[in-house]
Amino acid sequence: MAFTSEEVLAGLAELINDETGIATDSVALDKSFTDDLDIDSISMMTIVVNAEEKFDVKIPDEEVKNLTTVGDAVTFIVNAQG
Amino acid sequence: MTTIVVTGIGATSPIGGTTRDSWSALLAGASGARPIEEEWIEKYEIPVTFAAQALVRPEEVLERQEVKRLDPSSQFALIAAREAWADAGSPEVAPERILVDYATGIGGLWTLLDAWDTLREKGPRRVLPMTIPMLMPNAAAAAISMHLGARAGARSVVSACASGTESIANAYEHLQLGLADVVVAGGTEAVVHPLPIAAFASMQALSKRNDDPAAASRPYDVDRDGFVLGEGAAALVLETKEHALARGARIYAELAGGSVTSDSYHITAPDPEGSGAARAVIAALEQAGATADDVTHINAHATSTPVGDVAEFEALKRVFGDRVGEIPVSATKASTGHLLGGTGALEAIFTILALHERTAPPTINLDNQDERIPLDVVTSPRALGDGPQLAISNSFGFGGHNSVVAFRSYDD
């Protein structure tokens, strides 16, 4: 069963909170992972690894650098679902 | 020679979450050995079903991010180092003059083996990117350095069960060389995991007294049958006396010497003649400007193995001669179990407190003393007297590592 955009956003917010302690309600579609949320590269890769498992998708390493905002990640994950 | 003093101590151990709790429990004759309540004991039919696990729950005293990004061994280290630093009055020192020299025997074993499980069960994509910085043996030193803002260096010595003591010996050298004004030293270990238990049991090193864990660690007793695996960490804040006095610090004791020698004899067995261990004791006393006659207390390595306890006695006999049976000896692993890379630092703290409080701590479980080891073993807290005191703490590790630190009582 595919996840909706809202579900992916909520799920990502939980993963981000778990990894960084950032409040889930601070995680919004327009937020930049680096500039707004101050997520370093190692945390970003941790979130990617956990997101792949949570949403059962594959996020190629070369794609990660294109995921600037939370919205980019939500869109990619929604489209990547089988 | 520069006089070096101890101004802060921190410990988290199987008998207490803090230094004070650990010391009180030690004086009260507590044992930290308990059954391991984990499903893996039955699942893998682990032959030894108990250990001396740390009492502290890291998630209750550390920030969540610290717990997530640190292996348990580094978590214990950070808890101990924070306590020691606060105990020293959180000294204001230029970052470039604070050095961390912090040891472990094994490193981030839980992280390594959990990641291996993940790789096998879920594939390489699921292996988390923090795996390497969490498992590396310098992780604890790095975590302490980052937490304190220490920039004179973050070093890690690895010498099995001598590690924690060797770290303090290194700190002695760093301060003598003027590399820093303040050094945080110590050691940690967190390997109460089925693999090391199986491996230590395989080499017949562990006590198998599954029916009575509290009585299992029994140094010098005729019925000793191996050591009890422990976990935890300890940390010391060390500085030059001049620096300590200038900032009005409370001084526990003087770190009078710290030495390292090696046996070059056998990878695990101690040299039965104890010559390497004896040289380490003599070297530490020479640094202290003292002789064997000056020693008034010994915290022995005494792991409760049939062979090791005798070998250490032989080494002590070489150094102290006929006086060997007249010096009060405490074998505190009877209470704490063996913290491997953390053990020397914890025992150094017990030695420091023995001098500071003028009380040698007890050695529990000594029912029938091995006649081959005619030491004066302290079995209930014993007053050390008012005069000047000089104590040594010994540690020996697989690989033939010997390290000894000497502490002198300090009077204002």
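Buried means under 20% relative accessible area, exposed means over 50%, and partly exposed is in between, using a 1.4 Å probe and protein chains only. The views below come from a predicted model, where local features need pLDDT of at least 70, side-chain atom pairs count only at pLDDT 80 or more, and totals for chains, interfaces and linings use all residues. Residues are numbered from 1 along each chain as its sequence is written, chains are lettered from A and ligands numbered from 1 in the order in which they are written, and side-chain values use heavy atoms, leaving out hydrogens and water.

**View 1. Cys161(B), an annotated active site.** The "active site" label comes from an unreviewed UniProt entry; such positions are given in the numbering used here, feature names are shortened, and annotations may be inferred rather than shown by experiment. Look for Cys161(B) in the loop between β5 (154-155) and α9 (163-177) of chain B. Helices (H or I, at least four residues) and strands (E, at least two) are DSSP runs, numbered from the N terminus. Cys161(B) counts as buried because its relative accessibility is 10%. Beyond its neighbours within four places in sequence, Cys161(B) has contacts (heavy atoms within 4.5 Å) that include His301(B), His338(B) and Ser395(B).

**View 2. Strand β7 of chain B and its partners.** Here 9 of the 9 residues of β7 (residues 232-240) are buried, so the strand is largely enclosed by the rest of the structure. Two strands pair if DSSP finds at least two bridges between them. β7(B) pairs in the antiparallel sense with β1 (residues 4-12) over 8 bridges, and with β6 (residues 182-189), also antiparallel, over 8 bridges. Find Ala233(B) in β7(B): Thr12(B) stands opposite it, and Thr188(B) stands opposite Ala233(B) too.

**View 3. Aromatic pairs.** Rings of Phe, Tyr and Trp (its six-membered ring) pair if their centres lie within 6.5 Å; planes under 30 degrees apart count as stacked, over 60 as edge-to-face and the rest as tilted. Searching the whole structure turns up 4 such pairs over all chains. Phe3(A) lies in the segment before α1 (5-20) of chain A and Phe55(A) in helix α2 (residues 41-55), 52 residues apart. Phe3(A) is partly exposed at 29% relative accessibility, while Phe55(A) is buried at 3%.
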